[in-house]
Amino acid sequence: MQNLKPIKRSPFRIYLGKKYYRMKRYKEWIFSNKNFALGKEENVLKYKVYGHKSILLRELKDVDMWLQHNKIKNLNIATQMLNKVIILPGETFSYWRLIGKPTRRKGYEEGMVLHYGKATTGIGGGLCQLSNLIYWMTLHTPLTVTERYRHSYDVFPDSNRNQPFGSGATCAYNYLDLQIKNETNRTFQLVLYLTDTHLVGEWRSDIPSIRTYEVYEADHRISLEYWGGYVRHNRIHRKIFNRENVVIDDEFVTENHAIMMYEPLLAQPIEE
């Protein structure tokens, strides 16, 4: 089991850390032997593998709604960079390599970002909603997630949550990336767009699927830590079904541990 505790780092340490890990990522993009997916196909591939949508405007405690509206502008720019990207067999999708650095010059605006468990603002804020969506959809496909970072803090209560806790992927340019490899013999395409109310995504393919997936959580619990705070834990699994809807496998996906930034409900199990 992983014991978490809030970490306090100086602004200088955070600045140097970002510089180091960003340079490390640039080096990987240039010198890695990974074959990164860069191409697009304007024609949508025939077969839908999985689709999902998430609501754009949510009322969050202590978060101004103008940040939510700016988030929509940021998502609109980022989705255009990723929409209709093709992942050929053997290629790796890199979230940040395709989107690039969010800047004002590109049209990005101040949005909400989570920084060490607190809601603050930053250029391009809100793009985690997009990485969350892509990760969740990918868990329902045969694509392989090769790099994903979990949220270290559980900032908001489970109001209207319809997915398991910890089933998203946090992102920060460019060192917290989401990378997905196509280890199949099929071509996949990511389709993304915004409606008036939702961010919508689909994974599509040139060959119909013979498997379906059900993602679920196990061993969800909340522990009271020695330093006085609460930490939330769970594991994410997925069941794999064949064409006859018979379970043929039950895979462990990942585990999550997050420091809670709000008081847990009394009904939640507490580990002393």
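Let's start with T121, which sits in strand β5 (residues 118-123); helices here are DSSP runs of H or I with at least four residues, strands are E runs of at least two, and both are numbered from the N terminus. This is a predicted model, in which local features need pLDDT of at least 70, side-chain atom pairs count only at pLDDT 80 or more, and totals for chains, interfaces and linings use all residues. Residues are numbered from 1 along each chain as its sequence is written, and side-chain values use heavy atoms, with hydrogens and water left out.

- With 38% relative accessibility, T121 counts as partly exposed (buried means under 20% relative accessible area, exposed over 50%, and partly exposed in between, using a 1.4 Å probe and protein chains only).
- Leaving aside residues up to four places away in sequence, T121 touches L67, E110, G111 and V113; contact means heavy atoms within 4.5 Å.
- The side chains of T121 and E110 are joined by a polar contact of 3.3 Å (a pair of N or O atoms within 3.5 Å; within protein, one must be able to donate a hydrogen and the other to accept it, and residues adjacent in sequence count only if both atoms are side-chain atoms).
- From C-alpha to C-alpha, T121 and R204 are 34 Å apart in space, and they are 83 residues apart in sequence.

**Helix α1**

- Helix α1 covers residues 11-31, 21 residues in total, and reaches 30 Å from its first C-alpha to its last, close to the 30 Å expected at 1.5 Å a residue; the expected span is 1.5 Å times one less than the number of residues.
- I14, R25, E28 and W29 are the buried residues of α1.
- Looking down the axis of α1, you would find these buried residues within an arc of 95°, so they line one face of the helix (the arc is that of the directions from the helix axis to the C-beta atoms).
- The partners that the buried residues of α1 pack against include β3 (92-94), α3 (95-99) and β4 (110-115).
- On the other side of α1, the exposed residues include F12, Y20 and K27.

**Helix α2 and T79**

- T79 belongs to helix α2 (residues 65-82), and at 3% relative accessibility T79 counts as buried.
- Beyond residues up to four places away in sequence, T79 touches L130, L192, L194 and L199.
- Other buried residues of α2 include L67, N74 and L82.
- After α2 comes K84, whose phi is positive, near 70°.
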